[in-house]
Amino acid sequence: MKTLQRLIPNLYRDSVSLMQLSEEIQSIEGITQASAIMASENNISLLLESGLLESSIEPHPNDLLIVVSGENSKLVEKAMETAEELLMERKDVVDSEAIQTTPLRSIQMSLEKDWEANLALISSPGTYAAAEALKAMSLGLHVLMFSDNVSYEDEVMLKKYSEKHDLLFMGPDCGTAIINGLPLGFANVVKQGNIGVVAAAGTGLQQVTSLIDRKGGGISQAIGTGGHDLSAKVGGITMRQGIRALAADSKTDVIVLISKPPSPSVMEIVLEEAEKAGKPVVINFIGADPEVISGNNLLGVPTLEAAAAAAVNLALGEKYETPRHDDSSDLKGLAENLVAGFIPGQAFIRGLFSGGTFCFEAMHLLGKNIGPVYSNIPINPDWMLKDVWNSYRHTAIDLGDDLFTQGRPHPMIDFRLRNERILQEAADPEVAVILLDIVLGYGSNMDPASEIIPAINKAHTLAKNSGRHLVFIASVCGTESDPQNLHQQEYSLREAGVTLTESNAQAAFLAADVINNIKG
Amino acid sequence: MTIYAYCHTTPQLPSAFDAKVHSVFNHAVNLSLQKTNHITTILKATDILYPGCLCLKETTRTFRDIFHPGQLVSYNSGKMILGETGERIDTSNAKLIDCKLAHLTISPSQYSLTIYEMLSALMQKHITHRFKNDSKLQIQLQIKLEYGLACLITAVIEQDNALALNAIRQLVALGMGLTPSGDDILVGFLAGLRTNQELIADHETFLQKFTSDVLLLLNHTNVISQQYLLHAVNGYFSTAIIALLTAISSGKSITSIEECAKKLLTIGHTSGVDILAGLFGALSILYKSHIISNKQFSIFNHWR
């Protein structure tokens, strides 16, 4: 074993950067421990006591101390070089940009540099986002606004402005879109094709576009509207604009609309617009009865998966008939197998979701099949959890809710909170099924399987030690072209004993079937 | 180009000074004042303010676009001029926000067991993983932080200044980042301690000795963290800490208190939960009989 230490004078980095650096170095093969920490007296004692430092050094509280320990000198020296490069690289990039080039300080300056740009992505704090969006649109740019906390008044003002000037305004709080094949925000890498999507639900858009890709179809454009667009106050301005844009687009043959159920008045005008499109329009108002959608070219479907399947069929010029879940003997058979091993008292599902739309869709499907599902975002106000940190009977949690993300990254990136909750649920003797979503694509964690599997393994052990058996059911939202390697992720999850389904809807159906089988 | 300051906080900046840019981050820059070597911070507009800082409205650029380490800065009569670029920061119309913690009294009836349990549960839910894996370093750090805080609490209950000095020595500069966890715990503890007057015999003398011990060990930590500790010693705290203590002291509803605690938890990566741990530890002295009879003190679980 070899240990190497280096002191970098007057170098200040925040704790997140230092933790990331330590983890990055520690993940190098042959490196057993690594730490980047301010060289204070107490931290030196800490390093000595944990065996990372072999002998004491003089404290320098304003200097950064890097310590690397590994199998041999060569590996350790190389890792130390990498650590220093990573630290300096970040600094150099910033300094060189600041010194050698004029920083781009406004949208106008960016346009002067690249006059062909026609879309601005705005991610400033909500208080300033509206002003920036207005500036961008006044310069003739379409806008995707990632920022949230924009008032309804500002949203309506911006959307009316965009409509008047024939510009597309996606947002606010629009986390995903695919424009001319370019993924924006959290988005999957999908094949280009003839299906256009307009969605007021972020992970809903990701699920539909990914499944279209996996079913052999392709995407012309995927437009996010922001979650408030179909409210009575906003009136579906962006969704109607999106429909018009896709109707006029020669590369789009089929349109898909995704949203939570809109207010009735908005639904009426959106459906009117869709009827005028002159192309097949597949609609999933998640949780709403698809039968309420009628019109020559309109097709209401019950799930996100059905929306993708219908779009692919219609894009190929084929007819589409919604399959009945009851017909799926595969899922029924699987559910019967999964029940083996439960002990009396195990009766409930705990859904732990990183995608809000996945949670919402699962709650509707579970609710229809097994009764009340308690949640932090319940579909029925009576089913609001009294304490969102503790589940009750059947529970589904949206861990991406603001309540859980304060001071930490979104659960699609940071799995810590979900992993903790998995262990909490596994310790509950009433739990039979843990239902999960795994989201791949740009913006998401680069290796979600390796993040969550240790928690799943611990949960299995915990249950086994109490004589119980736990069932994990999940769906992976992603494509073969996503940077995370879909097959590798799915393989690892299956190896960890997770039952995977094609879609979030199937995962929810399967979980409900397992519970109904327990009831006998 | 002139940037307009949105607000500044107490303790106020000197009316004129020369300084050097000490360190630059995307949303914060630290200036080292040349005569005193004190650090003052310039922040982008944010909803939590810190003592002795200046808050700017600049939105289009990151601070790395405006400042660089070593850059000279000159300030006089509300105008700051940045060396090399000649950019100006105008503070003349900036609103002054007071970060001095008022004299608050919190009795056991205001700090009810329900609030105690709520804060305890909140901390336990916001488990702070300092490293991804359970490394020996992490375990050791957890043990040291827990032990240091336990010693602080015991020192106050026992009115033992020697034990307090030892506890401060164990915590100062312990942990990662710009404000190490141990320092954050001390800041939270100092805030909580300032409100416990009724329950600590000869509170004023004890507090005076306690703060002078913190000052004694100030140079054990880095200059940025030193500044926050110095402000805490002088009774200045972030607006999130003040809001939480004020909510408890003024008998606000448990929901409002929980909101304030959650806001505090948003500070930094681990700072919020560490400050809350210190603050919770100090307030828990109100339940000293409860603590003494229950050797397993629930606060410590939040690091596990």
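A charge sits over a ring if NZ of Lys or CZ of Arg is within 6 Å of the ring centre and within 35 degrees of the ring normal. Please keep that in mind for the next minute. The model on the screen is predicted, and every value I quote is computed from it.

Here is the case in chain A. The charged end of K260(A) sits over the ring of F360(A), and the distance to the ring centre is 4.8 Å. Chain B has a case to show as well: K100(B) lies over the face of Y236(B), 4.8 Å from the ring centre.

Now chain A as a whole. There are 17 helices and 19 strands in chain A. The chain has 520 residues, and 55% of them count as buried. What share of the contacts in chain A with a separation of 6 or more comes from residues 24 or more positions apart? The share is 69%. As for the surface, chain A exposes about 21800 Å², and 50% of that is supplied by carbon and sulfur atoms.

Next, rings with rings. A pair of aromatic rings is described by the distance of the centres and the angle of the planes. Over all chains, the search of the whole structure finds 9 aromatic pairs. One of them is F63(B) with F67(B), an edge-to-face pair at 5.6 Å centre to centre, with 80 degrees between the planes. Are these two residues buried or exposed? F63(B) counts as buried because its relative accessibility is 0%, and buried means under 20%. F67(B) is buried too, with a relative accessible area of 2%.

Another pair is F189(B) with F210(B), which is tilted: the centres are 5.8 Å apart and the planes make 35 degrees. F189(B) lies in helix 5 of chain B, residues 181-193, and F210(B) in helix 6, residues 203-216, so the pair ties together parts that are 21 residues apart in sequence. Both F189(B) and F210(B) are buried.

There is also a group of three rings: Y111(B), Y116(B) and F280(B) form one aromatic cluster.

You will find V273(B) in helix 10 of chain B, which runs over residues 271-283. V273(B) counts as buried because its relative accessibility is 6%, and the cut-off for buried is under 20%.

Technical notes: Residues are numbered from 1 along each chain as its sequence is written. Chains are lettered from A and ligands numbered from 1 in the order in which they are written. This is a predicted model: local features need pLDDT of at least 70, side-chain atom pairs count only at pLDDT 80 or more; totals for chains, interfaces and linings use all residues. Side-chain values use heavy atoms; hydrogens and water are left out. Helices (H or I, at least four residues) and strands (E, at least two) are DSSP runs, numbered from the N terminus. Buried means under 20% relative accessible area, exposed over 50%, partly exposed in between (1.4 Å probe, protein chains only). Rings of Phe, Tyr and Trp (its six-membered ring) pair if their centres lie within 6.5 Å; planes under 30 degrees apart count as stacked, over 60 as edge-to-face and the rest as tilted. Contact means heavy atoms within 4.5 Å. Accessible areas come from the Shrake-Rupley method with a 1.4 Å probe; for residues, only the protein chains shown count as cover.
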